Amino acid sequence: MKEKIFLLLLILSQYALGQRSETILNTGWLFTSEDVAGAYHPDCDVSLWKNIDLPYDYSMEEGYSLKNTPQNSWLPISNCWFRKKIMHASFIPSRTYIWFDGAYMDSEFYVNGRFVGNRPYGFISFYYDITDFLHEGENLLCVRIKNETAPTARFYHGSSIYGDVRLLKVPEIHIPISGGVFYKLESYSHSSAQIAVQTEVLNRSTENKKIFVSHTLYDVSGKEVTRVVGTPKRIYTQYCDTINLNLSVNNPILWDMENPYLYRMETKLFTEHALLDSVVTPVGIRTIEYKADTGFYLNGKNLKLQGMCEHMEMLPVGQAIPEDLWRKRIMLLKLMGCNTIRTAHNPFPPIFYKLCDELGMMVVDEIFDGWKMKGANDYGGRFFINWWKKDVQDWIRRDRNHPSIIMWSIGNEIEWTYTGCREATGFFGTALYI
């Protein structure tokens, strides 16, 4: 048995990088605030369109007017278009995904003039598999923002692709690009921690394949702390399976606000002969507990949540908040004595949670403002009943590995007498705890 494990580890050491690649698509976009008919078509005249980089919020450049709504800070919103050309070379075998941190709102996405999909909620990250829409050479990406009927929220929201856009190329057998690796602290003592890790494996190839998964945990200096290698498992074609493994960490260093310690877990996916895919996940080991009489405990210490309800906008960039401004805001709140931020009233872009992990800020992660209409033309009134489940699933899968998140809020000022929403969701409370 020991000889087999040694041989397996020897095979692992021969492969340092997987086939996954990621390209940031933030530069070189064309933009118009006009709702141009047929703007997704490759032959559309874009000679008067504006050159912009992402993240971008055009409302902040247009000027204030009493003709606009107070909910959007007297700034304009509209249907608008974004276009970008990319080069594509076929990888055999491979899949290509495009990921959006966020686009407000009701976005439509096109590749080479063909409709790919739409996403109504303006505060959710989303992605598409665009493999079958691409061709060799130059390809055209188009995004339409449908946001002409103000107000579409009770607070500032802009009209924008306000986060990063990424192009990901992965092998046909791969770890899903959002939430494919999930870790959970099973038990903790001062001398050891047991971490359960679930890894999903998606087989988009035409063959059944035998694969195995490994996890390696590194400390902040890059030193290996522990490693586990799973046994081979057959993944059937066009099927997503889950691999469960456990990591044991001796003398674990806990994540907290004074010392937000993050390990780095590298997950690798192999066939018997080659590395297929690899994903890196920051890991924060911490315990949380809620007691009826005394409240919240982090790592066994009773704490008061000294919090702020933050809306996702900053002058002069609106929703298109760069990393340095997020970092500055979080640090200023810490200096004020704040230890918790509630995302009011929607999820924030991924960079926010990454910085909260790194800087030691706890988060109450909120998904919706309301489950029915609260603004005149908002998501709650127009899309909630058909989209809430998909949005909640994607939100939790995206954010569930962050040690900074201590509570999940599924709505702001929910009216529990509204039977339609209650029956549609099956929810019976306004907060979830992990």
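This is a predicted model: local features need pLDDT of at least 70, side-chain atom pairs count only at pLDDT 80 or more; totals for chains, interfaces and linings use all residues.
Tyr 104 has Ser 160 in strand 12 as its bridge partner.

**Salt bridges**

The structure contains 29 salt bridges. Three of them are listed below.

| Salt bridge | Closest N and O atoms |
|---|---|
| Arg 95 and Asp 132 | 3.9 Å |
| Asp 394 and Arg 119 | 2.9 Å |
| Asp 164 and Arg 166 | 3.4 Å |

Arg 95 forms a salt bridge with Asp 132. Arg 95 lies in strand 6 (residues 95-100) and Asp 132 in the loop between strand 10 (126-129) and strand 11 (137-145), so this pair ties together parts that are 37 residues apart in sequence. Arg 95 is buried, with a relative accessible area of 8%, whereas Asp 132 counts as exposed at 57%.

Asp 394 forms a salt bridge with Arg 119. Because Asp 394 lies in helix 5 and Arg 119 in strand 9 (residues 114-119), the pair ties together parts that are 275 residues apart in sequence. Asp 394 is buried, with a relative accessible area of 15%, and Arg 119 counts as buried at 5% relative accessibility.

A network of salt bridges links Asp 35, Asp 106, Glu 108, Arg 144 and Lys 146. Within this group, Glu 108 is placed in strand 8 (residues 107-111). Is Glu 108 buried or exposed? With a relative accessibility of 11%, Glu 108 counts as buried; the cut-off for this class is under 20%. A polar contact of 3.0 Å joins its side chain to that of Lys 146. Leaving aside neighbours within four places in sequence, the contacts of Glu 108 include Phe 115, Cys 142 and Arg 144.

**Helix 3 and its surroundings**

Which residues of helix 3 (residues 350-359) are buried? They are Phe 352, Tyr 353, Leu 355, Cys 356, Asp 357 and Leu 359. These buried residues pack against several elements, among them helix 2 (323-335), helix 5 (384-399) and strand 29 (405-409). After helix 3 comes Gly 360, with a positive phi near 85 degrees.

Helix 2 contains Lys 334, which is partly exposed at a relative accessible area of 26%. Apart from its neighbours within four places in sequence, Lys 334 is in contact with Met 257, Leu 359, Gly 360 and Met 361. Lys 334 and Met 257 are 77 residues apart in sequence, and their C-alpha atoms are 9.4 Å apart in space.

**An exposed loop residue**

Asn 251 is located in the loop between strand 20 (239-250) and strand 21 (263-270). Its relative accessibility of 56% means that Asn 251 counts as exposed. Leaving aside neighbours within four places in sequence, Asn 251 touches His 190, Ser 191, Ser 192 and Tyr 263. A separation of 38 Å lies between the C-alpha atoms of Asn 251 and His 345, which are 94 residues apart along the chain.

Key
Residues are numbered from 1 along each chain as its sequence is written. Side-chain values use heavy atoms; hydrogens and water are left out. Two strands pair if DSSP finds at least two bridges between them. Helices (H or I, at least four residues) and strands (E, at least two) are DSSP runs, numbered from the N terminus. Buried means under 20% relative accessible area, exposed over 50%, partly exposed in between (1.4 Å probe, protein chains only). A polar contact is a pair of N or O atoms within 3.5 Å; within protein, one must be able to donate a hydrogen and the other to accept it, and residues adjacent in sequence count only if both atoms are side-chain atoms. Contact means heavy atoms within 4.5 Å. A salt bridge is a side-chain nitrogen of Lys or Arg within 4 Å of a carboxyl oxygen of Asp or Glu.
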